[in-house]
Amino acid sequence: MIPMSTLGRPVIHLDAGDPKTFDLNFKGPVAKRSCTDVLCCIIFILCIIGYIILGLLAWVHGDPRRVAYPTDSKGHFCGQKGTPNENKTILFYFNLFSCTSPSVVINLQCPTTQICVSKCPEKFLTYMEIQFTYRTNKNYWTYYSQFCKSTFVKPAKTLTQVLLDDDCPIAIFPSKPFLQRCFPDFSTKNGTLTVGNKTTFEDGSGKTRNAIELRAAANRVNKILDARTIGMKIFEDYATTWYWILLGLIIAMFLSWMFVILLRYIAGLLFWVFMVGVIGIIGYGIGHCYQEYCNLQGQPNSHLTVYDIGIQTDISMYFQLKQTWFTFMVILCLLEVFIILMLIFLRERIRISIALLKEGSKAIGYIPTTLVYPLLTFIFLSICISYWAVIAVYLATSGVPVYKVITPEGQCKHENTTCDPEIFNTTEIAKACPGAQCNFAFYGGKSLYHQYIPTFQIFNLFVFLWLINFVIALGQCALAGAFASYYWALKKPDDIPPYPLFTAFGRAIRYHTGSLAFGSLILASIQIFRIVLEYLDRHLKEAQNNISKFLQCCLKCCFWCLETVVKFLNRNAYIMIAIYGKNFCKSAREAFNLLMRNVLKVAVMDNVTDFVLILGKILVTGCIGVLAFLLFTQRLPTIIEGPTSLNYYWVPLLTVIIGSYLVAHGFFSVYAMCVDTIFICFCEDLERNDGSTEKPYFLAPTLHGTLNKMQLVSQKQKE
């Protein structure tokens with residue numbers, strides 16, 4: 001090596017062919033910095049300002065009540081305070097059978113008159129029946145008239161005139177409110193679908209209909225009509241178990257915190273606890289699946305397959321099939337074998353990971369505020385998600401009511417054209433298309449703002465993805481700066497600067513907002529392109545041939561791989577930014593070159609360390625999941641009595657499992673960032689220093705000894 005001097009600061013070259021230079025006085029993250037990627041920072045700030053302006057515009061023009069309240073055929077809200085419909089909170093359809101028209105799919109509106117009512121019908125009645133019974137009992141008409149557009153003294157109009165003027169429904173059926181809309185009250189009697197205990201009935205126009213026809217019409221209006229029962233039961237389960245779910249998440253947080261603390265002192269022992277725990281939990285799952293599989297032997301219909309029963313809204317039906325439990329058992333067995341094989345073949349590499357985990361535990365122990373940072377990230381992400389959702393709703397509800405011509409048969413040449421409901425009956429369209437109606441279609445407008453609402457929605461989504469990635473990048477850069485301060489302190493913890501996390505966070509915001517925005521922009525661009533591909537795939541699925549489907553799958557796979565690679569490069573680039581304070585491109589290039597020069601070390605520790613941390617997440621999630629399963633299935637009555645009236649125990653169980661994993665991921669993500677930062681600094685340390693008195697190593701002696709045994713330090717460096 002040839003010592004040189006540049007601007008009075010000593011530097012060294014690795015060799016004649018390596019242009020990389022080192023500052024021999026380097027003692028940690030650079031303190032004197034300048035702003036990086038200023039142009040991207042300016043663009044990022046302008047986008048945020050534009051995002052705020054878009055939010056104000058959407059707030060002025062949008063009306064979220066249009067989502068909360070159903071809208072009648074005239075565009076009036078049902079149940080809105082201060083309007084004539086204040087006490088009429090439910091939407092009623094005049095002729096539900098017309099909802100089988102193809103125009104339902106095009107206009108998302110049923111081609112029949114819709115009015116707001118205070119309650120749904122409770123009996124079968126037709127307009128023709130009312131005309132006869134009115135003479136003997138006027139109470140029938142009093143009841144029937146509440147489902148007409150306006151109050152009539154008596155049913156004097158003929159059926160033909162009623163159909164022409166569209167004043168009243170020609171028939172009403174027993175109904176119940178669902179999602180603030182009147183839907184027929186279906187029930188099953190002896191395996192036959194009925195409405196109000198009837199299988200057939202008059203539709204008011206002289207035709208005899210059955211419950212199946214009415215059900216088909218209702219399904220076209222609302223696809224989730226079949227899920228009303230399961231939806232109510234799920235809501236009841238959440239109302240019963242919310243405090244148990246909260247308790248499970250608190251226990252998961254405590255376990256994660258405890259594991260992070262214990263990793264500092266007994267990382268090796270705790271790793272094998274992870275191993276035994278994960279293997280034991282998966283083994284318990286295999287045993288339970290086998291037991292359920294055996295219990296279903298001989299049960300009626302248990303031999304059916306998922307293909308036989310099709311798609312069911314009642315998920316519990318799938319748990320009554322032997323195929324379901326057999327599939328779960330096979331998956332768990334494969335996972336168990338995979339973990340055991342990983343332990344056998346990676347046993348030597350795991351020693352390196354344990355050493356790095358110990359060093360990471362010390363760093364977190366000296367900088368405990370890093371464990372609180374995931375809460376700050378969660379708050380930032382929650383703000384971004386909430387702002388995006390609110391703008392999306394306000395944009396979707398912007399505009400004035402737009403009315404369109406709708407005909408029951410959908411064969412009029414004026415179908416789907418705009419109209420004015422106030423004068424529609426006097427226009428030529430009403431004469432040319434008998435039975436046509438001018439119904440509310442959607443909210444829109446012809447102004448410049450309304451014409452660009454789809455573009456605004458795309459902009460809203462893109463900036464949302466940009467901000468989400470920026471928040472994650474900010475957290476990674478701040479944590480990397482804090483942990484780098486720990487590593488490059490020669491005497492730990494005496495040389496660690498005060499408030500390292502706060503200092504690193506301030507540096508990232510003050511100097512490197514542009515660099516973080518640059519990396520986030522690249523990732524957001526890839527993600528938005530993946531979303532566009534997914535959108536096109538769903539909307540053009542029927543028109544695609546096998547070749548186009550194959551190309552679509554290839555594109556999805558390529559962009560998924562590209563996103564994964566970019567995330568990896570960005571993560572290491574942010575570490576280099578936190579240490580040296582250079583711009584994004586230089587940091588990404590130096591991080592890439594550093595990893596390539598130490599590709600053996602990367603192959604040894606990177607995936608193995610991630611594997612160890614994933615096992616920790618699985619162990620926390622598995623422990624909480626097993627406890628929740630035993631609690632919600634009433635298998636711990638002698639220890640603690642859980643909820644006894646659950647409809648579907650898997651609803652709170654899955655909530656606890658997913659929530660526990662997210663909590664554990666928040667804690668262990670700090671650990672992963674710590675290990676990655678220490679690894680990058682370790683590689684830099686080995687290239688800068690040789691372990692002599694003049695150039696000592698900054699890494700801990702125990703870690704250095706382990707690396708020597710694994711021959712990850714060159715002979716020249718050891719000498």
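Modeller: Rings of Phe, Tyr and Trp (for Trp, its six-membered ring) are said to pair if their centres lie within 6.5 Å, and planes under 30 degrees apart count as stacked, over 60 as edge-to-face and the rest as tilted. By that rule, the structure holds 20 aromatic pairs. This is a predicted model, in which local features need pLDDT of at least 70 and side-chain atom pairs count only at pLDDT 80 or more, while totals for chains, interfaces and linings use all residues. Residues are numbered from 1 along each chain as its sequence is written, and side-chain values use heavy atoms, with hydrogens and water left out.

Biologist: How are the rings of Phe124 and Phe173 arranged?

Modeller: Their centres are 6.2 Å apart and their planes stand at 75°, so the pair is edge-to-face. Helices (H or I, at least four residues) and strands (E, at least two) are DSSP runs, numbered from the N terminus. Phe124 lies in the loop between strand 5 (114-117) and strand 6 (125-126), and Phe173 in the loop between strand 7 (171-172) and strand 8 (175-178), so the pair ties together parts that are 49 residues apart in sequence.

Biologist: Are Phe124 and Phe173 buried or exposed?

Modeller: Buried means under 20% relative accessible area, exposed over 50%, and partly exposed in between, with a 1.4 Å probe and protein chains only. Phe124 and Phe173 are both buried. Across the chain, buried residues make up 47% of the 719 residues.

Biologist: Which residues have the most contacts inside the largest nonpolar core?

Modeller: In soluble globular proteins, nonpolar side chains tend to be buried together. A nonpolar core is a set of buried Ala, Val, Leu, Ile, Met, Phe, Trp, Tyr and Cys residues joined through side-chain atoms within 4.5 Å. Here the largest one has 116 residues, and those with the most contacts inside it are Ile364, Phe483, Tyr487, Leu516 and Tyr671. Helix 15 (residues 453-487) gives the largest share of this core, 20 residues. A second, separate core of 21 residues includes Tyr134, Phe147, Ile172 and Cys182.

Biologist: What does Asn570 contact, leaving aside its neighbours within four places in sequence?

Modeller: Contact means heavy atoms within 4.5 Å. Asn570, which is found in helix 18 (residues 546-580), is in contact with Gly519, Leu523 and Phe584 once those neighbours are left aside. The side chain of Asn570 reaches the backbone oxygen of Gly519 at 3.1 Å, and Asn570 is itself buried, with a relative accessible area of 6%.

Conventions: A polar contact is a pair of N or O atoms within 3.5 Å; within protein, one must be able to donate a hydrogen and the other to accept it, and residues adjacent in sequence count only if both atoms are side-chain atoms.
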